[in-house]
Amino acid sequence: NASKISEFGKKAAAAFAVAAAAAAAYGVKLAVDGVKSAIEDEQAQLRLAAALKTATGATNAQITATEDYIRKTQLATGVTDNDLRASFQRLSVSTKDVTKSQDLLNLAIDISKGTGKELGTVVEAMVKQLKEDTGRPIQTGRFGADMQVELINDGPVTIIIDTKNKE
């Protein structure tokens, strides 16, 4: 009987050791995935900030407020921050207005939730309608797209500096 108990104890210890190793490996995987996710999130924030500055002339305070809006909207709606950033960027580039973009994004979220359509699909329909309503071209492109750019430095360049108008 004692040998059976001893044998059982050894098997149980081995099983616990295997389980502990698996749990540790899974913990490492979770940590790595978390770091990757944080890096991707930071890159998405930087892309949105650059787009807001370029398209709307947004200040750092407006960009911070936009990120706060996205965080709160994500918590309230369950829409991922990546989807919200992509949609917000698309709208801000199209409208050139941060406030109007927020209003349109709120409407797009409501339409998406009510119809079951993807948020990006609703936003694209809005942008198309905006183009028709305004009669002006709307910039298009994919949020966070990988862009391969080649630069050929061939020849002289002239840069004119106007010192009379110092805006």
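Q: What is the handedness of the crossing of α2 and α4?
A: In this predicted model, α2 and α4 cross in a right-handed sense.

Q: Why is α2 called roughly parallel to α4?
A: Their axes cross at roughly 15°. Angles under 35 degrees count as roughly parallel, so α2 is roughly parallel to α4. The two axes come within 12 Å.

Q: Which residues of α2 and α4 meet?
A: From α2 come Thr66, Tyr69, Thr73 and Thr77. They meet Val98, Gln102, Leu105, Asn106, Ile109 and Lys113 of α4. By class, this contact has four nonpolar, five polar and one charged residues.

Q: What makes α2 oblique to α3?
A: Helix α2 (residues 60-77) packs against helix α3 (residues 81-95) at an angle of about 135°. Roughly antiparallel would need an angle over 145 degrees, and roughly perpendicular one of 65 to 115. The angle of about 135° therefore makes α2 oblique to α3. The axes of the two helices are 9 Å apart, and their crossing is right-handed.

Q: Which residues make the contact of α2 with α3?
A: On α2 they are Thr66, Glu67, Tyr69, Ile70, Thr73 and Gln74. On α3 they are Asp81, Leu84, Arg85 and Phe88. The classes represented are four nonpolar, three polar and three charged residues.

Q: How do you know that α3 is roughly parallel to α5?
A: The crossing angle of α3 and α5 is roughly 5°. The limit for roughly parallel is under 35 degrees, so α3 is described as roughly parallel to α5. Their axes come within 10 Å. The contact involves Asp83, Leu84, Ser87, Arg90, Leu91, Ser94 and Thr95 of α3.

Q: What volume does the second largest pocket have, and which residues line it?
A: The second largest pocket has a volume of about 150 Å³. Its lining consists of Val79, Thr80, Asp83, Ala86, Ser87, Ile109, Ser112, Lys113, Glu118, Leu119 and Gly120. Two or more lining residues come from each of α3, α4 (98-115) and α5 (119-134).

Q: How is the lining of the second largest pocket divided by class?
A: The lining has four nonpolar, four polar and three charged residues. Gly counts as polar, so Gly120, one of the lining residues, belongs to the polar group.

Conventions. Residues numbered from 1 in each chain as written. Predicted model: local features only at pLDDT ≥ 70, side-chain atom pairs only at ≥ 80, totals over all residues. Heavy atoms only, no water. Axes fitted to C-alpha atoms, helices over the stretch in contact; angles between N-to-C directions. Helix = DSSP H or I, 4+ residues; strand = E, 2+ residues; numbered from the N terminus. Left-handed = near helix turned anticlockwise from the far one by under 90°. Contact = heavy atoms within 4.5 Å. 1 Å grid on protein atoms, 1.4 Å probe; cavity = no way out; pocket = protein on both sides within 12 Å on 5 of 7 lines; lining within 4 Å. Points joined across faces, edges and corners; volume = space filled by probe spheres on them.
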